[in-house]
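This report describes the fold of one chain.

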Amino acid sequence: MNTALGWFGAVSVVATALSGCGGDTNTTTTTGVVTYASLATRGVCDAAHESEVSFVTAEKQFAICSQGSWVSLGVTGASGATGAAGATGATGSTGASGATGATGVAGATGATGAAGPTGATGAAGPTTTTDLTPTTGTLVTPGDPEFYAVRGLTVSFSTGDAVSEIGMRANLAAADTMTAEVWDAGTQAKLAMGTPVHGEGKLKRYRLPIDFTPQPNKDYVVAVLFSNPLVTTHPRREFPAFPFTVDGITAKSNLIYGFTSGDGFPGDSNGWVPFLSIGR
């Protein structure tokens with residue numbers, strides 16, 4: 001190889017220079033390099049090896065035997081050109097996933113959001129209607145104009161179910177109204193009053209809303225206030241037998257108040273019993 005030849009030339013020059021040192025006993029000129037596999041096979045520098053240039057393969061090192069010592073020869077050639085970059089190695093396999101980290105501290109609670117819009121009102125639930133028209137007495141239909149401003153019945157309830165409407169069958173003009181009322185039969189105090197309902201100019205059962213919750217087995221007067229009784233007609237029973245009970249509601253007497261106008265406790269009675277109903 002050219003490099004070996006270069007080393008050989010350099011070593012020969014160094015060996016020649018060293019051979020001139022120390023007197024005539026070391027005048028041997030080295031013209032070659034003795035190669036040894038290891039330091040052990042090369043042995044010690046003695047008179048037999050004086051001025052010998054050796055190359056130890058295991059150490060990759062040149063040395064010269066000079067005056068009892070192997071002297072290392074720093075023979076270094078010029079740096080070679082940088083070699084081309086090698087090809088990128090294959091991507092290694094994905095390592096195992098690391099352990100799951102500890103759970104972080106919980107964040108602060110966010111501010112309460114704005115209230116959403118109010119939903120639409122649901123449809124009214126079914127109403128249970130109890131017809132309090134008596135089955136006894138003389139039936140008069142379609143009836144005559146009403147003469148009293150307030151007409152109703154004394155009743156008691158076996159349960160405390162809320163009352164949501166008082167119904168009455170009548171022929172009511174569109175310009176006129178009927179309004180549900182509830183009175184305490186003992187104290188004559190008005191306990192509840194509904195909103196007026198306009199007529200439709202025909203005979204039908206008008207449903208008059210009211211919000212009232214009775215006490216069981218207590219007497220109340222459930223009644224209807226007419227805005228214009230003189231033109232309002234309604235079918236009726238005359239002189240029925242009292243009391244009578246329907247669906248836990250007991251009707252005890254027919255009551256009236258005033259004459260043609262006004263609102264007050266119906267403390268009087270007559271023989272006309274209207275077609276009333278109670279919605280719960």
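In which sense do strand β2 and strand β3 pair, and over how many bridges? Strand β2 (residues 53-56) and strand β3 (residues 61-66) are antiparallel and share four bridges; strands pair if DSSP finds at least two bridges between them.

## Basis

This is a predicted model, in which local features need pLDDT of at least 70 and side-chain atom pairs count only at pLDDT 80 or more, while totals for chains, interfaces and linings use all residues. Residues are numbered from 1 along each chain as its sequence is written, and side-chain values use heavy atoms, with hydrogens and water left out.

## Overall content

The chain holds two helices and 18 strands. These elements are DSSP runs numbered from the N terminus (helices H or I, at least four residues; strands E, at least two). Of its 280 residues, 35% are buried, where buried means under 20% relative accessible area, exposed over 50%, and partly exposed in between (1.4 Å probe, protein chains only).

Contact means heavy atoms within 4.5 Å. Among contacts between residues at least 6 apart in sequence, 69% join residues at least 24 apart.

## A four-stranded sheet

An open sheet with mixed pairing has the strand order β1-β2-β3-β4. Its edge strands, β1 (34-36) and β4 (69-73), each pair on one side only.

## Nonpolar cores

A nonpolar core is a set of buried Ala, Val, Leu, Ile, Met, Phe, Trp, Tyr and Cys residues joined through side-chain atoms within 4.5 Å. The largest has 28 residues, and L153, V155, I166, M178, V182, V224 and I278 touch the most other members. Two or more residues each come from β7 (150-157), β8 (163-172), β9 (177-184), β12 (202-212), β13 (219-226), β16 (249-257) and β18 (276-279). Strand β8 gives the most, with five residues.

Apart from this core lies another, of eight residues, including W183, V221, A223 and F265. Leaving out residues up to four places away in sequence, I278 touches residues including T128, L132, F157, I166, V222 and I249.

## Backbone details

Cis peptide bonds join T141 to P142, with omega about 5°, and F242 to P243, with omega about -5°. P142 is in strand β6 (residues 138-145), whereas P243 is in the loop between β14 (233-238) and β15 (244-246).

S51, in the loop between α2 (39-42) and β2, has a positive phi near 70°. S51 counts as buried because its relative accessibility is 4%. N217, in the loop between β12 and β13, has a positive phi near 65°. N217 counts as exposed because its relative accessibility is 64%.
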